Amino acid sequence: MAERALYLDYAATTPVDARVAERMRAFLSPDGEFGNPASMQHAYGRVAHDAVEKAREQVASLIGAEAAEIVWTSGATESNNLAIKGVAEAYADRGRHMVTMKTEHKSVVDVCRYLEQQGWRITWLPPQPDGRISTETLAAAINEETVLVSLMLVNNETGVLQDIASIGRLTRERGVLLHVDAAQAVGKMPVDVEHMQTDLLSVSAHKLYGPKGIGALYVRRRPRARLMPQIHGGGHERGMRSGTLPTHQIVGMGEACRIADEAMAKEAERIRALRDRLWQGLSELPEVYRNGSDSHNVAGILNVSFAGVDGEALHAGLSGLAVPLALSSGSACTAASQESSYVLRALGREDELAYASVRFSLGRWTTQDEVDRVITSVQTLVNALRRRSPAWQKDCAGPAPGMGDEHPQYSDAVWRYFTRALAADPSEDEADLVVASDTPGSRARMQLRARIEGGKFVSAEARVYGCVSSLAAGAWLAEYLIGKSPEQLQVTTAEIEQDLQLAPVKRHCALMAEDLLGMISRQARLTVDAAEKVAS
Amino acid sequence: MPVYFDHNATTWLDAAVLDAMQSSLAGRYGNPSSLHRFGRVARDAIDRAREQVAALVNAHPGQVVFTSGGTEANNTAVKGLAARSRPGRILLSAIEHPSVLELEEPLKAGGWQVDFVPVTREGIVDLAALQCMLDEGGVRLVSVMAVNNETGVLQPYEAIAGQVRAAGAIYHCDAVQAAGKLSFSYPESGAHILSLSSHKIYGPKGVGALILDKALDIEPLLHGGGHERGLRAGTENMPAIVGFGAAAELAQQQLESRTQHCAGLRDQLEAGLSALPDIRIFGQEQPRLPNTSQFSVPGYDGEALLMALDREGIAVSSGSACSSGKGEPSHVLLAMGIDEQVARGAIRVSLGKDNTGAEVEQFLSILARLTGAQTQQSSGDRFASVMGQ
């Protein structure tokens, strides 16, 4: 890592607070409390057991629960799995219908899809354009067969906050269980299981400055929510979740919850102010759109769509800056698959704009200086990308963004030409020759402009809307053209691919470039012929 | 000085493992699924650990799926294979860990017939009985552990694999107590799928692994997000995974010295035990884990003996930590046909690489004193005279 990146991905995971790490170390070192909490017959085990129980109280206290209502899991994904599948197996005799939302976290979506395969009926509620669900819509979806409503308190991509208290009143009235995925909420805002009247609630440690690999599920005792265990063997956690308890992680989660309890109110206020400052700065750009709700949201998350830039180029640009920004297009869990966010599409964002979206998530160590640097970086990059686009007409002047020397996802050649494309300012001169090409569906559009004098290209410039490779191909094309005569333009797709070390999935960029070369060569010869005729 | 003789329940972290985990615990952070640099640093660390864990059992890194521990690995293997198969018969050995045995109920609920393969008096799975059960037909899945966690007795997993494969069934082997404690190779074992755990080999708790052939069709236990080739959802527990990798590498490097050290202590212990009256050591003549000795002090209540030892600062176990505190005699010993009274007096000593001969001597002398007191207790007048002093 050349330059330490600016971290704005707190919703994906948070660093462990130093106080948490300190507590954890006491349970890791050889002279520490390493016992198995289930080994109650000796002191090593009992010390570990006591530490686990203390942490259980700390977690319970943060969400207004009793310690005996907390079940340790390996994380919020497991909590969600246990809650939904556990209820499905325990209550199947009552009905086989559940209600959830289209914008839930993957771990809820995938569990519900699995249940659909098992013969369950799932109602997937669409959100309103602001990401919220109305209690009327929910009320209409509940029927006699319904056993569970599963909704997230705070959306992980947009930060949108649901009115769970009203929903909890409704589900309680209708005699339906309510599960709340609160992974993005706990530790960031007050969460009270009594106030929300929730029966089950998922918590994650690594979203609140605790360790990865540990989470909890709140399971209501009065009235009791029944669950069938998903991991069997040994009867840990009152039979609801077996497996040796990872003492150090549990203690870490307890400490993280204790700190959150103490720091939350002030911290949320500070982070909210920074988040608002960030939005204010970014919205100085024309045609940027905030995704989600302006008034009902968690403090640390801001999701923005940038019109007129390609999503891949935007994200590669942000992560390839000389001081890179570490952030996400949405959930880290789906980041590896390069699709646009299903959450944003459910809010009504069209594919292209959903793809050109960035989730900024701020946290405990985000500073105002960082926010200001982020604003400048994003503005500069978006302006540079828009300047290169053949379609963008509005004001987008500004300095060239400072890019890093390499990017692990791209070949050196592609990255070099991409940064060259970003640095170049479009010329104001009239071009003699303009040719254009695009890919099916216009996901990428490329325009080549050139001037010819004395039978040779004296200037050339590419304007591209598209991915990093297409911008690189444009820059390569412009460079290739200068100094050559129209007859000399003889390059195959394979040669372009080789020159740029293009990935096979990016072959269409080379094809577009080859097309443009052919077109401009023909047009140039016509121009030259015409000029010669005039001269003779 | 307190003495820890319960390494089959859990071990402490080796200092080198803790070192390896330090930077990922508090320093560099990132969600391994994130595409940015922080995420990639985490991913590289996980890939390295994957290689280290694979090497421990001579597997390919692509065959490693990280889980939250051995229990989750066992559950995923058995439930996950069953979920993708037409219900039929499943065979579990009678001495499996509770995380396998307790799958009986959910399997039955899923339409499976669950049968238990008996073991011999020496604690070894009865191969002839297994063959009979396989010959009856309909068996799709067999789960037999590599090494028993209580007695330490090695199971004939290669022979089992041969029989199971010949019958066209899938063999899951719980290798939690084997991998890292003795030489164990995934390809040579013949098993289709293995379960491993980190905290039995001086790695952190909260992480384990499945080793499996990519061709196996298995339903994930945890859905959502497609981590670990879609077989195990959830943000990877990166520091623990890094720790597991380091622990696996150390275990491989030190396998011989640890084996010699523990076997030496165990032999010293058992020589001392044989000097005590009527002590019975289980599976003593069988190939065993070098660190494990389970024995019974006849006429003595194991729980009471454990409590007495605990007061003397000695940590041992009656069997599996997972079922301790229940006051029931070991299911493993009962399956071996051991009399219930004898089984109730069972003590498991599981030694570690840092234990010493002096600790073994300390244990032996305390045990002699405690069981001596027991003899006095059983005799009324001598008991009274002791109390009178």
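**Entry 1: domain 1 against domain 2, chain A**

I started by looking for salt bridges across the interface of domain 1 of chain A and domain 2 of chain A, and the rule finds 0. This is a predicted model, so I keep in mind that side-chain atom pairs count only at pLDDT 80 or more. Polar contacts do turn up there: I get 11 residue pairs between the two domains, both residues at pLDDT 80 or more.

Which elements of chain A give two or more residues to the domain 1 side of this contact? I noted helix H8 (247-282), strand S10 (301-306), helix H10 (332-335) and helix H11 (342-346). H11(A) has the largest share, with 4 residues. By class, I wrote down 12 nonpolar, 12 polar and 3 charged residues for that side.

Next I checked where the domains sit. Domain 1 covers 6-10 + 264-388, domain 2 covers 18-261, and domain 3 covers 413-535. The C-alpha centres of domains 1 and 2 of chain A are 28 Å apart. Their contact uses 27 residues from domain 1 and 31 residues from domain 2.

Then I looked up the area. About 2,500 Å² is buried between domain 1 and domain 2 of chain A, and carbon and sulfur atoms give 59% of that. On the domain 1 side, A:Met264, A:Tyr342 and A:Arg364 lose the most area, together 28% of what that side buries.

**Entry 2: one residue, A:Asn80**

Is A:Asn80 buried or exposed? I found A:Asn80 at 1% relative accessibility, so this residue counts as buried. A:Asn80 lies in helix H3 (residues 76-91) of chain A. Skipping its neighbours within four places in sequence, I listed its contacts: A:Ser107, A:Val108, A:His179, A:Asp181 and A:Ser202.

**Entry 3: chain A against chain B**

Here I counted 69 residues from chain A and 69 residues from chain B in the contact. The two chains bury about 5,500 Å² between them, with 59% of it on carbon and sulfur atoms. A:Phe34, A:Gln41 and A:His232 supply 13% of the area chain A buries against chain B, more than any other three residues.

How many salt bridges are there between chain A and chain B? I get 1 salt bridge. In it, the side chains of B:Asp310 and A:Arg46 meet at 2.5 Å, N to O.

Several helices of chain A each supply at least two residues to the side touching chain B, among them H1 (18-25), H2 (43-62) and H4 (106-117). H4(A) gives the largest share, 5 residues. My tally by class for that side of chain A is 30 nonpolar, 28 polar and 11 charged residues.

Technical notes: Residues are numbered from 1 along each chain as its sequence is written. Chains are lettered from A and ligands numbered from 1 in the order in which they are written. This is a predicted model: local features need pLDDT of at least 70, side-chain atom pairs count only at pLDDT 80 or more; totals for chains, interfaces and linings use all residues. Side-chain values use heavy atoms; hydrogens and water are left out. Domain bounds come from an automatic or database domain assignment. Contact means heavy atoms within 4.5 Å. Buried area is the accessible area (1.4 Å probe) that two parts lose on being put together, summed over both. A salt bridge is a side-chain nitrogen of Lys or Arg within 4 Å of a carboxyl oxygen of Asp or Glu. A polar contact is a pair of N or O atoms within 3.5 Å; within protein, one must be able to donate a hydrogen and the other to accept it, and residues adjacent in sequence count only if both atoms are side-chain atoms. Ala, Val, Leu, Ile, Met, Phe, Trp, Tyr, Cys and Pro count as nonpolar, Asp, Glu, Lys and Arg as charged, and the others, Gly among them, as polar. Buried means under 20% relative accessible area, exposed over 50%, partly exposed in between (1.4 Å probe, protein chains only).
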